[in-house]
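Welcome to my notebook. I opened this structure with a few plain questions in mind, and here is what I looked up.

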Amino acid sequence: MNFSEVFKQSNQLCKVSPDGKYLATCVQYRLVVRDVSTLQIMHLYTCLDQISHMEWSSDSLFILCAMYKRGLVQVWSLEQPDWHCKIDEGSIGLVSSRWSPDGRHILNTTEFHLRITVWSLCTKAVSYIKYPKACQKGIDFSRDGSYMALAERRDCKDFVSIFVCDDWHLLRHFETETQDLAGLEWSPNGCVLAVWDSCLEYKVLLYSLDGRLLSTYSAYEWSLGVKSVSWSPSSQFLAIGSYDEKVRIINHITWKKIAQFEHPATVESTKTVYKEVERRPAVGTDEMSLHNITTGSTLFNTQSKYEICSLPVQIPVVKPDPDRANPKIGVSVLAFSSDNHYLATKNDNMASAVWVWNMQKMSLEAVLEQTSAVRCFQWDPRHPRLALCTGNTKLYLWSPGGCVAVQVPTEGNFLGPKLNYIVLRYRKGAELQ
Amino acid sequence: MPESSLVKDGRSSSVEYGASPLRQFSQSSLLLHRNSYMLGTFCTEHNVQQCLSHINQEISSLGLPPVWTESGNSSELNIVAVLNCMYDLIQLHRRGLRTLESMEVEQLKSSSNIDHLQLTITRLKEQLELSKRENTGLLERERQLQLKAKSLQSCLKNEKEEVQKLQNIIASRASQYNHEMKRKEREFNKLKERLNQLLVDKKEKKQAIDVLNNIGRADGKRSLWKTEKTEAKHEGEMYKTLLSDYDARQRELVLENAELRKVLQQMKKDMVSILSSRKPAVKSDKPEHSGVQARSEEEEEEVFDSSKESVELYCVHAREKLTNSIRLQWRRLKSHVERLDSQASLVQMVESKDTDAVPQETQEEEMDRLKLEIQQCKDFIQTQQQLLQQLSSPCDEETASLLSNCYMLQEKERLGEEWKTLEEQRKIFERERKNFTEAAIRLSHERKAFEEDRATWLKHQFLNLSPFADSKKTPLLKSKSAFLISAETEAPEKLIKCHSDTASPTPRCVPLASASTADLYRTLCLIPENSSVQPKTNGEHVEESSMFCGDVFVQHQQWEHSEDHTPSQEKNSSI
């Protein structure tokens, strides 16, 4: 595995282009575009203010840089570095900005979610979408980029609008049976839209592309409900993670629960449990010079390896504060592997453990117990390989064959990163800062 | 004397009975009250003395003063003493009777007491029984009540827990609501501030976009106006997407269904075959099975029928029929297996070698066979692994160098062989080519010779026409061509020796023929210029081109030769 040298970046803004050729990083108000293979700087752009959000267009030709404080969006072109585009939202403010799937429209959400402005880079035309809802996930584009689902709220009622991304024509507009819509997500095949309610009510509604309600799913009442939702890449399963520390799998034929995954504190039946064991290298008194301490490499670098524990295993549980809202309990992150075989979950009150479930057998495949809380994990887009990090200088990889901890060569300490995968065959595809 | 008779009777009786006179006496005294004919049997006239001593003994034993002393010989009794004694005896007797009476009274009393007590005992026993029963009943009630109390306690605990849980839920919901409310309030405040700011703010920053130049659409097409047509197109596309998805899903489901149906059919066939094969083996259960057999035969018929009518399985009836028949077969198989199990267990207990033990033995044999197979497979896998290791890991250098080319050896040998054959073929081709060139050269020679012959013949003809007939030249003709023909055989040999290019053999051929043709040429030039030159040039041209026309030209030459010869002969003959 090769690691590049460390690049400075701010705000965790470091993204690889969709075609895998370029890597864009933001440093304060500068945008640096590098070639992925050589890591040479190809372009350097300067924006007017500190960049809050950066996004590649789908065809990898343009980069959007949004500056929320100033209400500005600047778009840069890779083909013609002289080309420039600046969108000023004016006094209405800017809260979020994103590309449309065709890479030629920019959707800006104004402050207070008053409206969504659709700017066209082809025609300089503007469209407005009123009453968007400010929720966890109010906009979702279908995977093939042809439809956009938008959550709206009018007169204390939730609505969903489906737009055709071609010309922003409103295809369908229907009311949903939710109390307070929290999010929506298209299935990967673009035919079903999953809509879920806020955590105060466990309700997942499934709508067809043409707006018909296909099914409603509610596991229980009164207790805090849905925390996270994820579709499997084949659109066969919908995984719902809830505050009761369980994941329920819904199948796409009957829209009924076919499996329930629990996260008990004592793991009894699984294939393997990997426990990260840290080993500090013994430091002799001779080496404890000031130089060594300041560089900090030998003193703070601990070797990590995985040990296989025998069952039953106790996972450390942190009880959340009962008085606070949005308690740190329940399944907050769900991720399917690209080949549909595995599902990785994280239970918030067992923050240092990642659970990997085998979707073919519908059973627990492995539990990875780390020494500190897991910050994020992501699947390889090609192979069934999971990469996760816990905020230290190591990168952990799990595959059905085994588990490995890799030291990332950095200087000094290292804060929790985000992971982005490059779709390259030869190189290990994780880049992190 | 009734007393003495009485005494006598008593004595006689005592003499008769000896040992127990007192008993007799007491008995007789009792009887005295009732019967008077038992008197006077103790003492008789013969045993007076004995009776007297006996009575004395008895009296003294009773504690009374003796009646008669042995000192005096007189047989006369002391009457006073006797009377006293009698009186005492009567008193004693009376006393005894009184005590007897009292004792009888007491005995009656005690017996009545006993009866009374027994009655009370029975009564008390009954009471005890009753109270015991009540006690057990009460205990039972108490136990039930305790159980109820426990269950109620657990219910109470559950309810409390539920209440607690609900309270927790309420608390979390309340905190969530509060959180949301605070968030909304904060947003509201922000909105108010912004509104104030906007109202106060003089200059209004408008929205604007500043683009250097418009860029084309991603797909390169021109954007269309929003018309009803486009809207309808969008609707159509949407429905198309949905339909294609439904289609794909339906296809998958149909495939799955077909597979499952196949599996079910297979299972059914297997089960039927298993059950039918087991029938002759089970002898004891035959009478039971007779009914089953008939049914299973019907089932078999059904099986075959349904397999033929596979198309009909798509309707609900056939599907139900299939599932029901499978269920039936499965049940039968299950019962059969259970029977086998029980038989096997019986065998283990009884340890008899009947046909029933066969299943167990076969099972063991199966197990051994399977174990052996497993072992063989493991060995095989190991050897494969070893081989793989050998292949993948480079061993020592010698073997590595030896082995480095081993894969290519066969190919190399084959290559060498093919190379050899190719070489041989090349040589053959070379030889043939040379042959052809020689043939061509020969041809050219022959051509030349023929031309010369023709020229000479023409000359001769011409000369023959003229008055100067020269018959010597004709043999020259033949000799020249003969010479040429013989020279042909020599020329190829010469050509083979020299390996130069065969493109122009003419320079070599020419000197051979030039000597003989020189004279001809001279002579021909003198007389007909055109006719001799043209054939020559023609012949040259022909020579040059003759390289490439092999056999045809030779044949042509031959034909020309023969043609030439015959007209000359004719000519000769005519002349």
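**Entry 1: chain B as a whole**

How many helices and strands does the secondary structure of chain B come to? I looked it up, keeping in mind that this is a predicted model. The tally for chain B is 14 helices and one strand.

Next I checked burial, and found that 21% of the 575 residues in chain B are buried.

**Entry 2: one helix up close**

I picked helix H3 of chain B, which runs over residues 48–62 and has 15 residues. From its first C-alpha to its last, H3 reaches 20 Å, close to the 21 Å expected at 1.5 Å a residue.

Which residues in H3(B) are buried? I wrote down B:Cys51, B:Leu52, B:His54, B:Asn56 and B:Ile59. Just after this helix I came to B:Gly63, which takes a positive phi of about 100 degrees.

**Entry 3: the cores**

A reminder to myself before this one: nonpolar side chains in soluble globular proteins tend to be buried together.

I looked for the largest nonpolar core and found one of 35 residues. The residues with the most contacts inside it are A:Tyr147, A:Val160, A:Leu193, A:Val195, A:Leu238 and A:Ile240. Strand E18 of chain A, residues 192–197, gives the most to this core, with five residues.

**Entry 4: where the chains meet**

How many residues of chain B are in contact with chain A? I found 43 residues of chain B against 53 residues of chain A. The area buried between the two chains is about 4500 Å², with 55% given by carbon and sulfur atoms.

B:Gln207, B:Ile209 and B:Ile215 supply 16% of the area that chain B buries against chain A, more than any other three residues.

Last, I counted salt bridges between chain B and chain A and got two. In one between A:Glu111 and B:Arg194, the side chains meet at 2.6 Å, N to O.

Technical notes
Residues are numbered from 1 along each chain as its sequence is written. Chains are lettered from A and ligands numbered from 1 in the order in which they are written. This is a predicted model: local features need pLDDT of at least 70, side-chain atom pairs count only at pLDDT 80 or more; totals for chains, interfaces and linings use all residues. Side-chain values use heavy atoms; hydrogens and water are left out. Helices (H or I, at least four residues) and strands (E, at least two) are DSSP runs, numbered from the N terminus. The expected span of a helix is 1.5 Å times one less than its number of residues. Buried means under 20% relative accessible area, exposed over 50%, partly exposed in between (1.4 Å probe, protein chains only). A nonpolar core is a set of buried Ala, Val, Leu, Ile, Met, Phe, Trp, Tyr and Cys residues joined through side-chain atoms within 4.5 Å. Contact means heavy atoms within 4.5 Å. Buried area is the accessible area (1.4 Å probe) that two parts lose on being put together, summed over both. A salt bridge is a side-chain nitrogen of Lys or Arg within 4 Å of a carboxyl oxygen of Asp or Glu.
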